[in-house]
Amino acid sequence: MRRIARPLLAAAFVGQGVESLRRPQQAGQTARPAFEGLKQLPDEVAAKVPSDVETFAKANALVQIGGGLLLASGRMPRVAAAVLACTVIPGSAGGHLFWTEPDPQRRAQQRQAFLTDVSLIGGLMIAASDTEGKPSLGWRARRAARHAYERAATALPTTSGDAVLETVGEKVSAGLQSGAEHGRELAELVGEKAGPLLEAAGERGSQLAEVAADRGTEWVHAARENATTLAETARRRLHR
């Protein structure tokens, strides 16, 4: 059924899009009410609308042809149907403003054409919501959330949400208290060990300083004696 209904629904848009490209001036007059309405919207939206009404009509026609082909071929039919629904008013409904027509016979014709466009929008809305017998994304999301909640409730020891939160809070509080006690014990241990270590380091530093001073004096005397010996040896070799 869908293989027949989709091409039939898309045929009107493909034909209208081709006709709009062949007669851009007439298509521009039909799209002018929608074009002027979009131009009155905030600048963020109005800036994206083409500056020329005929260009706007051609763009709408291209969307109708592309969306119609996608819908007829069954490729992304829901997206194509939603996009085509947005092209009905600029494409044809703007030219069927029957309430502005003074001639009674002409007004009746325009009213019938306007109702036909409204019917096309309704059909496209049905096509856009058609999931081909598959569950919708919203239903699947709600079902997955419900199953996840049921599995979580089964796995927990209690079924009350307040009891679960209370249990989690007690565990977190106990963990923080235990961490604080361990922190105090480590601080006391470091304080006890730090005093003797600092004293030992001070004593060792004084001893090293004394040794360095004694050795430094010896090294200075030895350096002076070696320098004198080297000087005498050098003078003797020069006199030879």
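Start by selecting helix α6 together with α1 (2–22), α4 (53–73) and α5 (77–91), which are among the elements that cover the buried residues of α6. Cover here means contact, that is, heavy atoms within 4.5 Å. Helices are DSSP runs (H or I, at least four residues), numbered from the N terminus. The model is predicted: local features need pLDDT of at least 70 and side-chain atom pairs count only at pLDDT 80 or more, while totals for chains, interfaces and linings use all residues. Residues are numbered from 1 along each chain as its sequence is written, and side-chain values use heavy atoms, with hydrogens and water left out.

Stay on α6 and select Gln-110, Asp-117, Leu-124 and Ala-127, which are buried. Buried means under 20% relative accessible area, exposed means over 50%, and partly exposed lies in between (1.4 Å probe, protein chains only). Next, pick the end C-alpha atoms of α6, residues 104–128. They are 36 Å apart, which agrees with the 36 Å that its 25 residues should span at 1.5 Å a residue. The expected span is 1.5 Å times one less than the number of residues.

Now go to the largest pocket, with a volume of about 350 Å³. Of its 18 lining residues, select Gln-16, Gln-26, Ala-27, Thr-30 and Gly-91, the closest to its centre. Two or more lining residues come from each of α1, α2 (24–39), α4 and α5, and α2 gives the largest share, five residues.

On a 1 Å grid over the protein atoms alone, a pocket is an open set of points where a 1.4 Å probe fits, with protein on both sides within 12 Å along at least five of seven lines; lining residues have an atom within 4 Å of a point. Grid points are joined across faces, edges and corners, and the volume is the space filled by probe spheres set on the points.

Colour the lining by class: five residues are nonpolar, eleven polar and two charged. Ala, Val, Leu, Ile, Met, Phe, Trp, Tyr, Cys and Pro count as nonpolar, Asp, Glu, Lys and Arg as charged, and the others, Gly among them, as polar.

How many salt bridges does a search of the whole structure find? There are four. A salt bridge is a side-chain nitrogen of Lys or Arg within 4 Å of a carboxyl oxygen of Asp or Glu.

Select Asp-130 and Arg-2, whose side chains meet in a salt bridge (2.6 Å, N to O). This pair links distant parts of the chain, 128 residues apart: Asp-130 is in the loop between α6 and α7 (137–155), and Arg-2 is in α1. Arg-2 counts as partly exposed, at 37% relative accessibility.

Glu-19 and Arg-22 are separated by about one helical turn, because they are three residues apart in α1. An α-helix has 3.6 residues a turn, so residues three or four places apart point the same way. Arg-22 is exposed at 63%, while Arg-23 is partly exposed at 48%.

Next select Pro-24, in helix α2. Not counting residues up to four places away in sequence, Pro-24 touches Glu-54 and Lys-58.

Finish at Met-76, in the loop between α4 and α5. Its phi is near 45 degrees, a positive value in a residue other than glycine. Met-76 is exposed, with a relative accessible area of 54%.
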